Structure formats: structure tokens, C-alpha cells
Amino acid sequence: MTTPDAPPKATGRQWLGLVVLCLPTMLATVDINITILALPRIAEDLGASSTEQLWIADVYGFFIAGFLITMGNLGDRIGRRKVLLGGAALFIVASVLAAFAPSTEILILSRALIGIAGATIMPSVLALIAVMFPNPKEMGAAMGAWGSSVMLGLIGGPIIGGLLLGSFWWGSVFLIAVPVMALLLLLGPSLLPEFRNPNGGRLDLFSVLLSLAGITLFIYGVKEAGRNGWNGVAILTIIAGLVLGAAFIWRQRTAARPLLDLSLFRIRSLSSGVSLGLLIAIVMGGVGLTASLFMQLVRDISPFKVALWLIIPSIAMVVLGNVALAMAQKIRPAYILVTGSAVAIIGLLILSSVDVAGGMWALIGGLVLVYVGGSPVGMMNSFLVMSSAPPEKAGSAGAVSSTAGELGAALGVAILGVVASTVYRTDLTVPDGVDAAQADAARSGIAGAVYAAGEVPGAAGTDLLRSAKESFTNGLHVVAFCAIALYLVMAAVSYFGLRHVPPTGSSAPPMTEPAEAASAIPPPQPPHSPSVTA
């Protein structure tokens with residue numbers, strides 16, 4: 001990446017290989033939310049309790065986040081294609097097991113296995129794309145296609161799930177993985193190159209355990225805080241996760257063969273890209289959740305219609321994100337990212353003025369600007385990370401980027417969700433005529449208030465519902481201002497961390513500072529070198 005010679009251009013075989021890589025990526029994002037739609041039928045058929053339903057929905061994300069770093073490092077050591085194809089095989093077996101699970105326990109176990117299999121996808125795919133498209137211009141286009149597959153998976157999840165559940169039993173939502181992963185197993189060996197670092201050594205199992213436990217406990221605590229507030233379980237679990245995370249970092253600093261090479265973060269482009277990925281995930285997770293609840297519980301729109309409304313900003317994000325990547329061939333990414341932050345801030349200002357009643361176009365227009373403004377970050381951060389990483393560390397770099405996204409989404413839902421809930425509880429007025437149980441239900445959240453208001457006769461019920469909707473709307477406004485602050489941070493990170501990065505159409509790679517390259521890449525150790533095989 002640091003030679004003055006122009007990298008070779010990709011062949012048709014490599015572009016076809018990209019299509020094969022985008023399919024499992026799309027599937028992994030579809031699987032994130034498609035199970036939620038099937039939960040009512042699963043609960044009815046298997047008799048799953050409310051706690052078991054939460055585990056069915058959440059265990060997939062827990063295991064993906066917990067195993068990303070491990071799978072990225074394993075791919076660097078034994079081969080990215082080998083890890084990806086092994087994950088595809090496990091994905092098929094676990095999906096079939098989930099589809100025909102005879103009990104809740106088997107379904108939770110199979111979802112955990114699907115999560116482990118899913119953790120092989122993102123780091124392996126990103127690392128393979130970086131190897132297959134060494135030309136910066138082509139890598140930008142490939143990353144754009146990859147990012148589009150992520151967004152299309154998120155958009156298509158509810159639609160595909162609704163169609164399947166409308167025609168088949170709940171297990172059908174898991175069986176869609178079988179043909180996609182079978183295609184990967186069939187075409188992957190001939191279309192995807194193998195790449196590994198022969199100097200990787202053995203996997204540090206103690207680091208694997210620390211990574212899995214630390215990330216899983218932290219995300220569990222964050223999700224608990226998002227659901228039930230900052231109670232003792234949430235706080236203690238988050239603290240335990242942070243302690244184990246600190247132990248993991250200490251282990252990486254002292255181990256002879258660390259699971260995660262911390263020197264990667266000395267590369268300014270890489271660390272800035274990871275930071276931007278974390279921040280945009282926080283914003284999208286928090287703003288998306290709050291806006292969705294606002295539409296359902298304040299504007300009284302059904303969940304299905306909410307999903308349809310959200311297709312508009314999601315498609316705009318995909319389209320404008322690819323436009324931003326095309327512009328980045330001639331304009332420095334930092335300038336595009338700062339401009340995107342400014343556009344998103346305008347959208348958030350619109351959201352901060354939305355009323356309880358009114359048309360949908362102001363709300364959707366604000367969301368479109370927020371999504372469009374964030375689209376360059378969503379598309380470019382992976383390109384910046386992967387094009388900056390040394391080839392032999394690409395799997396680990398992809399894992400770090402993906403982990404940041406998982407953590408950011410969980411933090412956004414929890415932290416910004418708590419902000420909205422705090423404003424809601426502070427502003428809520430419970431009128432006379434509402435008994436203690438109904439008042440407690442109303443204070444627990446706007447969903448409880450909507451239910452309680454229906455049980456309270458006369459003007460008291462009407463006043464309670466009006467106060468709840470106004471209070472939640474105020475919470476949406478505060479969340480919008482918090483997101484503005486985060487976008488200002490993103491603009492600062494983009495400018496100060498990435499202004500040295502040339503346009504992607506340039507032959508120079510993002511990592512152009514000799515000091516960064518020297519500190520991140522160990523000196524060559526002949527006769528070994530990273531191996532690439534067809």
C-alpha cells in the first residue's frame with residue numbers, strides 16, 4: 001500500500017466475488033431484527049416467557065459482538081476465506097436447528113450459534129474486500145456496495161419477515177439463511193482468495209474469554225439500562241464488563257501474541273474511522289428508536305406503517321452514501337464528512353421543532369437529512385479503517401470496526417433512550433383522578449401511559465394522555481440536541497483526524513504518514529510474508 005506503483009485493477013472474477021460477499025453481509029443484518037417480528041408466534045408455539053423472549057431476541061447480538069475480535073484475529077491467523085466458509089456452514093446448521101427448535105432452550109442455543117457464525121462474516125468480508133481491491137478507487141466502490149448491502153438488510157428485514165410470517169410458520173424466518181450460505185459455500189472457494197498471516201501464531205484463549213465476557217456483559221448491561229433504567233443489575237453488569245475490558249487491554253499490551261494488536265490505533269486514519277463508526281451508531285441507534293416510538297405512541301401509527309415510513313430515509317441514506325463515495329474520489333473525505341455532519345444537524349434542528357400533532361413530512365424530512373448527513377460516515381468509515389490497516393492485520397481491523405458499530409448501537413439505544421425517558425418522567429403531569437397503580441404505569445414510560453389513559457375515564461384520562469405525548473415529544477427534542485452535540489464531535493474527528501487523507505481516486509493510500517506506518521507495521525521478517533492463494 002505504500003509503494004508508488006499503482007495497484008492493479010480488479011478483474012470480473014473479483015467483482016463477482018464481491019457479490020458473493022455482499023449476500024451473507026445482507027443476511028447478517030436481516031437476521032438482527034427479523035426474529036423480533038416472529039416473537040409473538042414463537043411465544044405462542046413454544047410457550048416462551050417474557051425473559052426467554054428477550055434472550056431469543058438478544059443472544060444473537062451478544063454473541064456476534066463478543067466473538068468479532070476473536071473471529072477477525074482467527075481469520076488473520078488461519079485464513080479469512082477458511083473462517084468465512086466455516087462460519088457459513090455453522091450458520092446453515094444452526095439456522096435449521098432454530099427453524100425446527102422443539103423448545104425455547106434449543107432455540108436460544110441455536111440463536112447463540114448463529115451469533116457465533118455471524119461473527120465470522122463482517123471481519124472476514126471486510127478483510128477479503130481489502131485484499132481483492134487494492135486499488136483505492138475500486139476499494140471505495142466495493143466498500144460502497146458492501147455498505148449498501150448492510151443498509152438493504154436493515155431495510156429489508158421487516159419486509160421479508162412480514163412476507164414470510166404472512167405465508168409460513170415462524171421457523172421460515174431462519175431458513176432464508178440456508179440458500180444464501182449454501183451459495184457462499186458453493187462459489188466461495190473458486191471466487192474468493194485465501195489470505196492469512198503465517199506469523200500469526202497460536203490463538204490466545206485467555207484473551208478470547210476476556211473479550212467475550214467483557215463485551216457481552218457490557219452490552220447486556222447497556223441493554224438492561226435501556227429497557228429498565230439504570231438499576232443495580234445494569235450498573236453492576238456494565239462495571240463488570242468494563243473491568244474485564246480493562247483486563248483484556250492489559251493482556252494485549254503484555255501478551256507475546258496478542259489477540260488484538262493495539263498498535264493499530266496509532267494509525268490516525270484507522271482510529272478516526274473506528275471512532276466515527278462508534279459515534280454514528282450511537283446517533284442512529286438512539287434517534288432511530290426515539291423517532292420510531294414517537295411515530296407509534298405519539299402519532300398513533302401502526303408498527304408496519306412506521307417501517308414503511310422509515311424506508312424513505314433509509315433509501316436516501318443508501319443512495320446519498322454512494323454519491324458521497326463517488327465524490328470522495330475527487331474531494332478529501334474529511335470535507336465530505338464535515339459537510340454531512342452539517343446537513344444532519346439541520347435535520348436534527350427540524351426534529352427538535354416537531355409537535356405532538358401535525359403532518360408527517362416535517363418529521364420524515366428531518367430524518368432524511370439526519371440519515372443523509374450520516375451516510376458518508378456509514379459508507380466511508382469501513383473504507384478508511386480497512387485501507388489504513390496493514391494487510392496482515394486486516395481481519396483484526398475489520399473486527400474492531402464492526403465491534404465499534406455493535407457497541408455504538410447498544411449505547412445509542414440505552415443512553416439516548418434514558419435521556420428521553422428522564423425528560424419524559426420529569427415533564428409528565430399526572431392529573432387528579434388517576435390511582436397509584438395507573439400513575440406508576442404512566443411514569444414507567446409512554447407505552448404505560450397510553451395503556452393507563454385508556455383505563456381512566458373522563459377528562460383525567462384525556463389529560464394524562466395529552467401530558468404523556470407532550471412529555472415524550474420534549475424527550476425527542478432533547479435527544480435531537482444530544483445528537484447535534486455528537487455530530488459536532490464527528491465533524492471535529494473528521495477534520496482533525498482525516499484531513500491528511502487524500503481523495504480515494506488518488507493513488508496514495510490513507511496511511512501516508514511515515515511515523516504512523518512505522519509504528520503500526522512491524523519490520524519484515526524474511527522469509528515469511530502474508531500469504532495469498534486463489
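Is Lys469 buried or exposed? Lys469 is buried, at 12% relative accessible area (buried means under 20%, exposed over 50%, partly exposed in between, with a 1.4 Å probe and protein chains only).

A few notes for you follow.

1. This is a predicted model, in which local features need pLDDT of at least 70, side-chain atom pairs count only at pLDDT 80 or more, and totals for chains, interfaces and linings use all residues. Residues are numbered from 1 along each chain as its sequence is written, and side-chain values use heavy atoms, leaving out hydrogens and water.

2. The count of salt bridges is two (a side-chain nitrogen of Lys or Arg within 4 Å of a carboxyl oxygen of Asp or Glu). Lys469 pairs with Asp300, with 3.0 Å between the closest N and O atoms. Asp300 sits in the loop between helix 11 and helix 12 and Lys469 in helix 18 (458-498), 169 residues apart (helices are DSSP runs of H or I, at least four residues, numbered from the N terminus).

3. Arg466 is partly exposed at 42%, and Asp463 is partly exposed at 31%.

4. Six aromatic pairs turn up across the whole structure (ring centres of Phe, Tyr and Trp, the last by its six-membered ring, within 6.5 Å; planes under 30 degrees apart are stacked, over 60 edge-to-face, the rest tilted). Among them is the tilted pair Trp15 and Phe133, 4.6 Å between centres and 50 degrees between planes. Trp15 is in helix 1 and Phe133 in the loop between helix 5 and helix 6, so the pair ties together parts 118 residues apart in sequence. Phe133 is buried at 0%, while Trp15 is partly exposed at 31%.

Note on methods: Helix = DSSP H or I, 4+ residues; strand = E, 2+ residues; numbered from the N terminus.
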